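Q: I have a model open and would like to learn how to read it, feature by feature. Could we go through it together?

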Amino acid sequence: MLIIRSGKYKNKRLKEVDPEITRPSKDVLKIGFFNIINQVIRNSVFLDLYGGSGQIGLEALSKEAKEIYINDSSSKAYKVILENRDITLRSKVSDNIEDFNKLHISNLTDIDFINKNKDKHFDIIFMDPPYSYNNEKEILSLMIKNNLIDNKTLIFIEKNSQIDKELLTCYNIKEYKYGRSLLYFLKLKEEEK
């Protein structure tokens, strides 16, 4: 069961996406992720590039991020994200219009999303692509090229394998292990941007 664990929408129960379409992050990893960013999430511009159910982005909304972008290339996942947005905001529609306007939900490939949002700076980025998808180096390069990130952006990538070692030349990287899942925390080195 998916649930928003903290913030103003705490305990909202969300719908899950068919596991054949997407794999949800483990609770322990999500808790660890939000503990890492807890002091900086408020008033941040937040991106979940591979949104799945939308739970990560909706948790960011609950923790009062300023703007939240949730994207998924699957049309089925996109529909679940919209449903979960409505579940989250339904209780007090008139009170939640401001939060509704903070959410930007899209159904694009990662590359199309990055190209469409050129020059939109993100403070925090969460990337949880399918584990078989090993394109993070190219995606991050495109984000730099399109001015989505700089050396203040906090980037997190969830994987079940080691991150591309070439990223060490441009990024400071920390690794956190949660069972078989790995969460990488990347920050662009000062000289790279």
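This is a predicted model: local features need pLDDT of at least 70, side-chain atom pairs count only at pLDDT 80 or more; totals for chains, interfaces and linings use all residues.

Q: How many helices and strands does the protein chain come to?
A: The protein chain has six helices and nine strands. Its radius of gyration is 16 Å, close to the 16 Å that the globule rule gives for 193 residues, so the chain is as compact as a globular protein of that length. Along the principal axes, the C-alpha trace spans about 45 × 35 × 30 Å.

Q: What share of the residues counts as buried, and what share of the contacts joins residues 24 or more positions apart?
A: Buried means under 20% relative accessible area, and 49% of the 193 residues count as buried. Among contacts with a separation of 6 or more, 66% come from residues 24 or more positions apart. The accessible surface is about 9,700 Å², and carbon and sulfur atoms account for 48% of that area.

Q: Which residues touch the most other members of the largest nonpolar core?
A: The general idea first: in soluble globular proteins, nonpolar side chains tend to be buried together. In this structure the largest nonpolar core has 29 residues, and F33, F46 and F156 touch the most other members. Several elements each supply at least two residues of this core, including α1 (27-37), α3 (75-89), β7 and β9. There is also a second, separate core of 25 residues, with F113, F122, I155 and Y171 among them.

Q: Why is strand β9 described as largely enclosed?
A: Seven of the eight residues of β9 (residues 181-188) are buried, so the rest of the structure largely encloses this strand.

Q: Which strands pair with β9, and in what sense?
A: Strand β7 (residues 154-159) pairs with β9 in the antiparallel sense over five bridges, and here F156 stands opposite F185. Strand β8 (residues 171-178) also pairs with β9 in the antiparallel sense, over eight bridges, with Y171 opposite L188. The hairpin of β8 and β9 has two residues between the strands, and G179 takes a positive phi near 65° there.

Q: Let's turn to charges. How many salt bridges are there?
A: Side chains of opposite charge can pair when their charged atoms come close. The criterion is a side-chain nitrogen of Lys or Arg within 4 Å of a carboxyl oxygen of Asp or Glu, and by this rule the count comes to ten salt bridges.

Q: Which residues are linked with D27 in a network of salt bridges?
A: R5, D27 and K30 form such a network. R5 and D27 meet at 2.7 Å, N to O. This pair links distant parts of the chain, with R5 in the loop between β1 (2-3) and β2 (13-14) and D27 in helix α1, 22 residues apart. K30 meets D27 at 3.3 Å, N to O, and both lie in helix α1, three residues apart, about one turn of the helix.

Q: Is K30 buried or exposed?
A: K30 counts as buried, at 8% relative accessibility.

Q: Where do E64 and R42 lie?
A: E64 lies in the loop between α2 and β4 and R42 in the loop between α1 and β3 (45-48), so their pairing ties together parts that are 22 residues apart in sequence. Their side chains meet in a salt bridge at 3.4 Å, N to O. E64 is partly exposed at 30% relative accessible area, whereas R42 is exposed at 52%.

Terms used:
Residues are numbered from 1 along each chain as its sequence is written. Side-chain values use heavy atoms; hydrogens and water are left out. Buried means under 20% relative accessible area, exposed over 50%, partly exposed in between (1.4 Å probe, protein chains only). Helices (H or I, at least four residues) and strands (E, at least two) are DSSP runs, numbered from the N terminus. Two strands pair if DSSP finds at least two bridges between them. A nonpolar core is a set of buried Ala, Val, Leu, Ile, Met, Phe, Trp, Tyr and Cys residues joined through side-chain atoms within 4.5 Å. The radius of gyration is taken over C-alpha atoms; the globule rule is 2.2 Å times the number of residues to the power 0.38. Contact means heavy atoms within 4.5 Å. Accessible areas come from the Shrake-Rupley method with a 1.4 Å probe; for residues, only the protein chains shown count as cover.
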